[in-house]
Amino acid sequence: MITYVNEKDYLRAQIRSNNLAIKHFNEQLEEVFIQEDFIGTADKVFDGYEKIIELIKLDSKEMRKKIKELDADNWENHQY
């Protein structure tokens with residue numbers, strides 16, 4: 001189990017993990033090919049991957065926002 005020095009380090013690691021997941025799903029999108037797809041299965045798979053990617057991006061955005069809040073709190077607590 002990994003122990004982080006602070007919450008910001010944890011969030012940064014999670015953002016890196018999200019970026020790797022997005023890369024993986026993008027690669028999967030490029031490889032999705034279903035022959036003779038007359039019932040829209042490929043479209044459903046593409047839509048599913050795109051939704052997953054958007055959710056991961058939203059998660060990363062929220063983490064970046066939290067990092068900025070932590071930076072602001074840290075700055076306010078250390079002003080003289």
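Ile-2, Tyr-4 and Tyr-10 make a nonpolar surface patch of about 290 Å². Patches are built from residues with over 30% relative accessible area and no salt bridge; nonpolar side chains (Val, Leu, Ile, Met, Phe, Trp, Tyr) are joined within 5 Å, and like charges within 9 Å. Accessible areas follow the Shrake-Rupley method with a 1.4 Å probe, and for residues only the protein chains shown count as cover. Tyr-4 lies in the segment before helix 1. Tyr-4 has a relative accessible area of 30% and is therefore partly exposed.

The model is a predicted one: local features need pLDDT of at least 70, side-chain atom pairs count only at pLDDT 80 or more, and totals for chains, interfaces and linings use all residues. Residues are numbered from 1 along each chain as its sequence is written, and side-chain values use heavy atoms, with hydrogens and water left out.

The protein has two helices and zero strands. Both kinds of element are DSSP runs, numbered from the N terminus: helices are H or I with at least four residues, strands are E with at least two. Of the 80 residues, 22% count as buried. The accessible surface comes to about 6800 Å². Carbon and sulfur atoms hold 54% of that surface. Among contacts (heavy atoms within 4.5 Å) with a separation of 6 or more, 71% join residues 24 or more positions apart.

Side chains of opposite charge can pair when their charged atoms come close. A salt bridge requires a side-chain nitrogen of Lys or Arg within 4 Å of a carboxyl oxygen of Asp or Glu. The count by this rule is three salt bridges. One of them joins Asp-71 and Lys-8, with 2.4 Å from N to O. This pair links distant parts of the chain, since Asp-71 sits in helix 2 and Lys-8 in helix 1 (residues 7-31), 63 residues apart. The two partners fall into separate classes of accessibility. Lys-8 counts as buried because its relative accessibility is 18%. Asp-71, at 34%, counts as partly exposed.

Asp-9 pairs with Arg-12, their closest N and O atoms being 3.7 Å apart. Both residues belong to helix 1 and stand three residues apart, about one turn of the helix. Asp-9 is partly exposed at 28%, and Arg-12 is partly exposed at 35%.

Glu-54 and Lys-57 are three residues apart in helix 2, so about one helical turn separates them. Glu-54 has 48% relative accessibility and counts as partly exposed. Lys-57 is also partly exposed, at 41%.

Charge also gathers on the surface. Asp-59, Glu-62, Glu-69 and Asp-73 form a patch of negative charge there. For charge, Lys and Arg count as positive and Asp and Glu as negative, whereas His and the chain ends are not counted. Each charge is placed at NZ of Lys, CZ of Arg, CG of Asp or CD of Glu. Asp-59 lies in helix 2 (residues 41-77). Its relative accessibility is 38%, so Asp-59 counts as partly exposed.

How values were computed: Buried < 20%, exposed > 50% of the residue type's maximum accessible area, 1.4 Å probe, protein only.
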